[in-house]
Amino acid sequence: MRMDKVRPWLTSLYPRLWRDRYAAEFDVLLEQCLQSPLDVVDVFLGAVDAHLQLLNGENLGWRMMNMLNKLRTTILMVFAAFIGFIVAGFSLVGLADDSPMIPLMKTNPALSAAWTTIQIGAFVALLAVVIGGLPLALTVVRRALAGDRHGRRLLLVPVFSFLALVLYLGFVFLVATGRIQIPGVVRVVQPGNFPPGNRLMLEGLMLVFILGAIASTMAVWKAISATDIEQETFYAVGRSLTVKIYKFAFVPAVITTLAMLVMLVATITWGWLSFSSLPQVFAGNFGPWGTSTQAWFFGILVLMVVCAMAALFGLRRGLPARTKQNLPNQ
Amino acid sequence: MDTSDFGRFSDPALLILASLAGGEKHGYAMMEDIEAMTGVHLGPGTLYGALSRLEQSGMIQALPADERRRPYQLTTRGTAFLRQYLASLKKFVYMGLMRLGA
């Protein structure tokens, strides 16, 4: 009997709730010890027993742990969607910057209101992420410092990503101020003249930013996924405060999602008003590297829609879990 | 809580508790330890059937996963339960041996 072929099938015999909790570690165990047909029979009986436990209403623990997993996934999905929104937001600022839309906003109140709404939405979303994510971040950092080497390595990813961005920006600053001179790169770019050297520098900056955002999001996602703690006690000025970290983050996650939806609507409105007033700008090439304005704007919209939908999907998934009380501590 | 609460997993549950009394272990390490300690080979299905019940009853707790393997450790409750059970077993063994005149 080829055990490596039987293994996934054996694990799939267990109830979904059981698999959500134990499948990963159980699979590792089967890789190591599944050797004889007797072991296969043993696993089969274990699966039958797990189903019986569910039928008997036993093992509420799995259900609760499953709820915790769902709630954690919700928070992570909203966080990842927010990072995607930040990338889209910076792209939008890059598109509007130095374009005729900026002077137009000074004279068009509706356009200005749409832009202000985007800025307010961005501020509210950031504030909600910081407030909701603070206990979670402190817990993950505390766990990492307490000896979780893998967690420590993961948390270094955002730190190094940020350092890489700062170093790159410092390099751009030195070039822009003339302290470093590179052949083919001009200090000040004139409209209609974007030398290949400057284009390369800008591409590098975007690459560092986007790769850093993706790597940091993945690392933080992984670090949080490995944190099974449902609540954490914090001490400050002689007082202790116990926070159910995922439940605490749920309301800020809802606020972040709503802010993203508001920003999406405001961006569509801003784009529509800009297009109505300055169709020639949208038909032109005001995107980065002199690329099509329309293509960039629609790219930004698509990213925003995908992120907002992901956040909404995450909330829908986590809402039933949010209503469950007294998740077990692990 | 007594061992009958663990159904057909009563003995495996005790073996797991005894194994974890020697320190935190993941599934495969527990299987090897139990085999070395008692000569009993626990199948993977039996091991995880007992593990899930022990975890639910608060006797053991999962630690953060190390790569894909997840270690477990005894809780205070599990330690107290094992100590009490082994003490009663010791008394029983002593009485049995006394009656046999050993």
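Reader: Which residues of α8(A) are buried?

Author: This is a predicted model. A residue counts as buried if 20 or more other C-beta atoms lie within 10 Å of its own. In α8(A), the residues that pass are Asn198(A), Thr217(A), Ala219(A), Val220(A), Ala223(A) and Ile224(A).

Reader: How far does helix α8 of chain A reach from its first C-alpha to its last?

Author: Helix α8 covers residues 196–225 of chain A, which is 30 residues. At 1.5 Å a residue, 44 Å is expected. The model comes close to that, with 43 Å.

Reader: Which element gives the most residues to the largest nonpolar core?

Author: The largest nonpolar core has 56 residues. Elements that give two or more residues to this core include α8 and α9 (245–277) of chain A. The top giver, with 16 residues, is α4(A).

Reader: Between which domains does this core lie, and why?

Author: Look at who contributes. Residues come from both 78–147 + 230–330 and 149–225 of chain A, so the core lies between domain 2 and domain 3.

Reader: Which residues does Ala81(A) touch?

Author: Ala81(A) is among the residues with the most contacts inside the largest core, along with Val78(A) and Met260(A). Leave out residues up to four places away in sequence. Ala81(A) then touches Met260(A), Cys307(A), Ala308(A), Ala310(A) and Ala311(A).

Reader: How many residues are in the second, separate core?

Author: This core includes Leu30(A) from chain A. It also includes Ile34(B), Leu42(B) and Ile60(B) from chain B. Its size is 31 residues.

Notes: Residues are numbered from 1 along each chain as its sequence is written. Chains are lettered from A and ligands numbered from 1 in the order in which they are written. This is a predicted model: local features need pLDDT of at least 70, side-chain atom pairs count only at pLDDT 80 or more; totals for chains, interfaces and linings use all residues. Helices (H or I, at least four residues) and strands (E, at least two) are DSSP runs, numbered from the N terminus. The expected span of a helix is 1.5 Å times one less than its number of residues. A residue is buried if 20 or more other C-beta atoms lie within 10 Å of its own, exposed if 12 or fewer, and partly exposed in between; C-beta atoms are placed from the backbone. A nonpolar core is a set of buried Ala, Val, Leu, Ile, Met, Phe, Trp, Tyr and Cys residues joined through C-beta atoms within 7 Å. Domain bounds come from an automatic or database domain assignment. Two residues are in contact if their C-beta atoms, placed from the backbone, lie within 7 Å.
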